[in-house]
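My notes follow in the order I looked things up.

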Amino acid sequence: MDEGLTLTPTLAIVAASIAAIILCLWLERRPHEFGKLRFPTTPFLFIAILVIVLMAAHLLTLSGAPVHHAAY
């Protein structure tokens, strides 16, 4: 039976997202060289932060935290 996304891949995704944030912040803080185009890092920062938030929620469900569904 397929277990889905377990703890090890989830933590690997979080680590990769943190590494991507560090790389993007480093690229963003480099001095600007006149006449050279810069790599747009802001969208990748937002995506990496979103992935970390989603993986944090997934880690909570893996740890056995109760999931409350809104009653409509």
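Where is Thr6 found? I looked it up and placed Thr6 in the segment before α1. I noted that the model is a predicted one. Thr6 has 29% relative accessibility, so I wrote it down as partly exposed.

**The whole chain**

I counted the elements next. The chain has two helices and zero strands. Helix α1 covers residues 7–28, and helix α2 covers residues 42–62.

I looked up the extent of the C-alpha trace, which is about 55 × 30 × 20 Å along the principal axes. The radius of gyration is 17 Å, whereas a compact globule of 72 residues would have one near 11 Å. I also checked burial and found that 14% of the 72 residues count as buried.

Residues 24 or more positions apart make up 59% of them.

**The two helices**

I reminded myself that two packed helices are described by the angle between their axes and the distance between the axes. For α1 and α2, the axes come within 9 Å and cross at roughly 155°. That makes the two helices roughly antiparallel, because an angle over 145 degrees counts as such. I recorded the crossing of α1 and α2 as left-handed.

Which residues of α1 and α2 make the contact? From α1 I listed Leu7, Thr10, Leu11, Ile13, Val14, Ser17, Ile18, Ala20, Ile21, Cys24, Leu25 and Glu28. From α2 I listed Thr42, Phe44, Leu45, Ala48, Ile49, Val51, Ile52, Met55, His58, Leu59 and Leu62. I sorted this contact by class and got 18 nonpolar, four polar and one charged residues.

Is Ser17 buried or exposed? Ser17 is in helix α1, and its relative accessibility is 8%, so I counted it as buried. I left aside neighbours within four places in sequence and found Ser17 in contact with Ala48, Val51 and Ile52. I had already listed Ala48, Val51 and Ile52 on the α2 side of the helix contact.

Ala15 also lies in helix α1. At 46% relative accessibility, Ala15 counts as partly exposed. I looked up its C-alpha distance to Ile52, 37 residues away along the chain, and read 8.9 Å.

Why does Thr41 count as buried? Its relative accessibility is 1%, and buried means under 20%. Thr41 is found in the loop between α1 and α2. Not counting residues up to four places away in sequence, Thr41 touches Cys24, Leu27 and Glu28. Of these, I had met Cys24 and Glu28 in the list for α1.

Phe34 has its place in the loop between α1 and α2 as well. Its relative accessibility is 86%, so I noted Phe34 as exposed. Last, I looked up how far Phe34 is from Gly64, which is 30 residues apart from it along the chain. Their C-alpha atoms are separated by 53 Å.

Definitions and conventions. Residues numbered from 1 in each chain as written. Predicted model: local features only at pLDDT ≥ 70, side-chain atom pairs only at ≥ 80, totals over all residues. Heavy atoms only, no water. Axes fitted to C-alpha atoms, helices over the stretch in contact; angles between N-to-C directions. Helix = DSSP H or I, 4+ residues; strand = E, 2+ residues; numbered from the N terminus. Parallel < 35°, antiparallel > 145°, perpendicular 65-115°, else oblique. Left-handed = near helix turned anticlockwise from the far one by under 90°. Contact = heavy atoms within 4.5 Å. Nonpolar A, V, L, I, M, F, W, Y, C, P; charged D, E, K, R; others polar. Rg over C-alpha atoms; globule rule 2.2 N^0.38 Å. Buried < 20%, exposed > 50% of the residue type's maximum accessible area, 1.4 Å probe, protein only.
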